[in-house]
Amino acid sequence: MKYVAHSCNTKTGDISQTYSDPHTCPKSCPFKCHGCYGENFTTRRHWVQSNCTSKTLADMMESKGHTKVLRHNVAGDMCIHDTDELDGELIRDLSRAYKGVKAYTYTHASKSAENFQLIHKAAENGFVINMSCETLSQVMECRENHVPAVLAVYEWTQKDKAARRIDGITYRLCPASHDKNMTCRDCGKCWKKGRKEVIVFPVHGTNKKKTRAFLMDF
């Protein structure tokens with residue numbers, strides 16, 4: 001794991017961040033070799049580096065300092081190696097390290113009862129884990145299990161609208177994706193506990209075309 005006390009990332013803003021080894025990613029993640037931004041050169045430089053573990057993260061944060069908001073895993077996930085299941089021990093370590101910090105992240109782990117339970121427990125401890133989705137049925141599954149969801153799409157087609165409502169669920173375009181003056185630090189939606197809105201992320205970057213096969217226009 002790599003810990004960064006202060007970030008110069010223009011999208012997230014100046015918030016503390018971590019990167020986790022690619023082996024923490026679920027084996028069935030559709031973005032693997034198909035548009036994962038972690039595989040881009042700039043992100044990968046950080047992704048393959050390490051300066052701590054989940055056991056020493058709290059000490060690293062204390063020594064280097066941290067911001068009030070922390071994005072866990074700019075790249076990487078929290079799964080047991082070569083599975084789609086979240087690592088409960090890892091999440092417990094992270095929850096302890098992030099006590100008193102507004103920490104949030106995303107996971108492509110499977111939509112299983114066990115994973116939903118781990119996400120609920122993390123939320124109780126103040127660590128918000130968003131479940132990443134590619135379909136509306138996946139979003140509905142998360143909604144039925146009271147787990148915050150985000151949706152990746154190829155294009156947001158409602159150019160004149162920042163939100164739309166389908167089957168009782170509000171889908172909101174990530175503010176930082178269309179407002180150059182907005183950052184994750186300023187927005188705060190993804191670390192809001194109990195959020196019912198689904199945040200929508202249109203893919204971008206040089207590998208965007210690789211996602212065409214499995215992402216929809218929305």
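I started with Lys 55, which is exposed at a relative accessible area of 53%, and I kept in mind throughout that the model is a predicted one.

**Entry 1, the salt bridge of Lys 55.** I looked up the partner of this lysine and found that its side chain meets that of Glu 89 in a salt bridge, with 3.0 Å from N to O. The two ends belong to distant parts of the chain, since Lys 55 sits in the loop between helix H1 (41–47) and helix H2 (57–64) while Glu 89 is in helix H3 (residues 88–97), 34 residues apart. Glu 89 counts as partly exposed, its relative accessibility being 44%.

I asked how many salt bridges the structure holds, and the count came to ten. One of them is formed by Glu 197 and Arg 172, whose closest N and O atoms lie 2.9 Å apart. Glu 197 belongs to the loop between helix H7 (184–187) and strand E9 (198–202), whereas Arg 172 belongs to strand E8 (residues 169–173), so this pair ties together parts that are 25 residues apart in sequence. For accessibility I noted 21% for Glu 197, which is partly exposed, and 24% for Arg 172, which is also partly exposed. With the cut-off for buried set at under 20%, the 21% of Glu 197 leaves that residue in the partly exposed class.

I also looked up Asp 217, which forms a salt bridge with Arg 212 at 3.5 Å between the closest N and O atoms. Asp 217 is partly exposed at 39%, and Arg 212 is partly exposed at 38%.

I next asked which residues of H2 are buried, and I listed Leu 57, Met 60 and Met 61. Viewed down the axis of H2, these buried residues fall within an arc of 100 degrees, so they line one face of the helix. On the other side of H2 I found Asp 59, Glu 62 and Ser 63 exposed. Asking what the buried residues of H2 pack against, I noted strand E1 (2–4), strand E3 (69–71) and H3. Last, I checked the backbone just after H2, where Gly 65 takes a positive phi of about 90 degrees.

Conventions: Residues are numbered from 1 along each chain as its sequence is written. This is a predicted model: local features need pLDDT of at least 70, side-chain atom pairs count only at pLDDT 80 or more; totals for chains, interfaces and linings use all residues. Side-chain values use heavy atoms; hydrogens and water are left out. A salt bridge is a side-chain nitrogen of Lys or Arg within 4 Å of a carboxyl oxygen of Asp or Glu. Helices (H or I, at least four residues) and strands (E, at least two) are DSSP runs, numbered from the N terminus. Buried means under 20% relative accessible area, exposed over 50%, partly exposed in between (1.4 Å probe, protein chains only). The arc is that of the directions from the helix axis to the C-beta atoms. Contact means heavy atoms within 4.5 Å.
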